[in-house]
Amino acid sequence: MLRIASLAAGLLLAALPAVALERPGEGPPGLVNSIVAIVNNEPITKLEVDGLVAEMYREAPDLSPDEYRATWNKARETLIESRLLVLEARRRRIEVPPEAVNAEVERLAKAGIKAEDRRDMIRENLMVGRMLSTLYSARAISPDEVADYYEKHRDDFLLREQRQVSLIMLRAADFGGDKTAVRRKAQEIVAELKKGEDFALLARRYSKGPAADKGGDQGWMRKGSLIPALDEAVFRLKPGEFSEPIESGDSFLIVKVAGVQPASRQSLAEARPAIERQLQADERQRRREQLIERLRSEASILRFDFVPADAPRE
């Protein structure tokens, strides 16, 4: 989560020039972007750390003041690591062509992130990614490693019960806002189903819900993945059964359970591809941590005492 938040914050907040060094109780009023760390002569500023903290804090808004300050310090350490990696990529002369930067800017724009004026930061992120990829050549994973992981993480391969669900949705908006008319039509459809009419055919004919053109097939669902009213109905029905009309807001829904996959556990053979991917990911993380540890030991890193002004007050 931390690394994802670091990237998000990094793309949204550019590194701003340091304007002063501020210690608690010092500095002129209104100073907002003090230097909070220096990594090999490159400053990390308060605004950079605040940007990352904002992402992390949004996911846990009820932190105590001490927890908030710990989060702030953790964010600073994350930015120190990021700066070390960027400096190492520069030292290795990792090149990123403009086309790659353009492609990443476009990808971020499609995801709703404005990154046009963050090209330098994006280029550095891509440089680091390319550098790390040279350290991560895939290694052979032995059958014994896979089996050992499987035995130690058996609960990770539990598969919850799933049910194949089909849906017919009728909306009041398609009946001039008349909910009584919608209810009546839903009851008529249920009556047709009870006479043996095909659910998929009626879904194609009447449904205004998702996948209506596919007979209302919603795929396989786990308990808790649907709205409560539907969830209760779906996991009460037996295979082949359908529900009475279910009121949901301005709509009426009819569901059918086409099939049931009981809870089970993946076999070792079924789990093998996922285990191999996880072991490769663990190896990549181990090598990254080794690189970070070496870079930290070789770097000049200064941290300045700083009490986050925006920390919650006790």
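Modeller: Let us begin with a single residue. V49 touches V36, I44, W72, A75, R76 and L79, leaving aside residues up to four places away in sequence; contact here means heavy atoms within 4.5 Å. This is a predicted model, in which local features need pLDDT of at least 70 and side-chain atom pairs count only at pLDDT 80 or more, while totals for chains, interfaces and linings use all residues. Residues are numbered from 1 along each chain as its sequence is written, and side-chain values use heavy atoms, with hydrogens and water left out.

Colleague: Which residues have the most contacts inside the largest nonpolar core?

Modeller: In soluble globular proteins, nonpolar side chains tend to be buried together. A nonpolar core is a set of buried Ala, Val, Leu, Ile, Met, Phe, Trp, Tyr and Cys residues joined through side-chain atoms within 4.5 Å; buried means under 20% relative accessible area, with a 1.4 Å probe and protein chains only. Here the largest such core has 37 residues, and I44, V49 and L85 have the most contacts inside it. Two or more residues come from each of β1 (35–39), α2 (46–59), α3 (65–91), α4 (98–110), α5 (119–133) and α10 (268–298). Helices (H or I, at least four residues) and strands (E, at least two) are DSSP runs, numbered from the N terminus. The most is given by α3, with ten residues. Another core lies apart, with 14 residues, including M221 and V257.

Colleague: How is the span of α3 checked against expectation?

Modeller: The expected span of a helix is 1.5 Å times one less than its number of residues. For the 27 residues of α3 this should be 39 Å, and the end C-alpha atoms are 39 Å apart, which agrees. After α3 comes R93, with a positive phi near 60°.

Colleague: At what angle do α3 and α10 pack?

Modeller: Axes are lines fitted to C-alpha atoms, for helices over the stretch in contact, and angles run from 0 to 180 degrees between N-to-C directions. For α3 and α10 the angle is about 85°, with the axes 10 Å apart. The two are therefore roughly perpendicular, a class that covers 65 to 115 degrees. On the α3 side the contact includes L84 and L85, and on the α10 side L291 and I292.

Colleague: What of α6 and α10?

Modeller: Helix α6 (residues 143–152) packs with α10 at about 100°, their axes 9 Å apart. These helices are therefore roughly perpendicular to each other as well.

Definitions and conventions. Buried < 20%, exposed > 50% of the residue type's maximum accessible area, 1.4 Å probe, protein only. Parallel < 35°, antiparallel > 145°, perpendicular 65-115°, else oblique.
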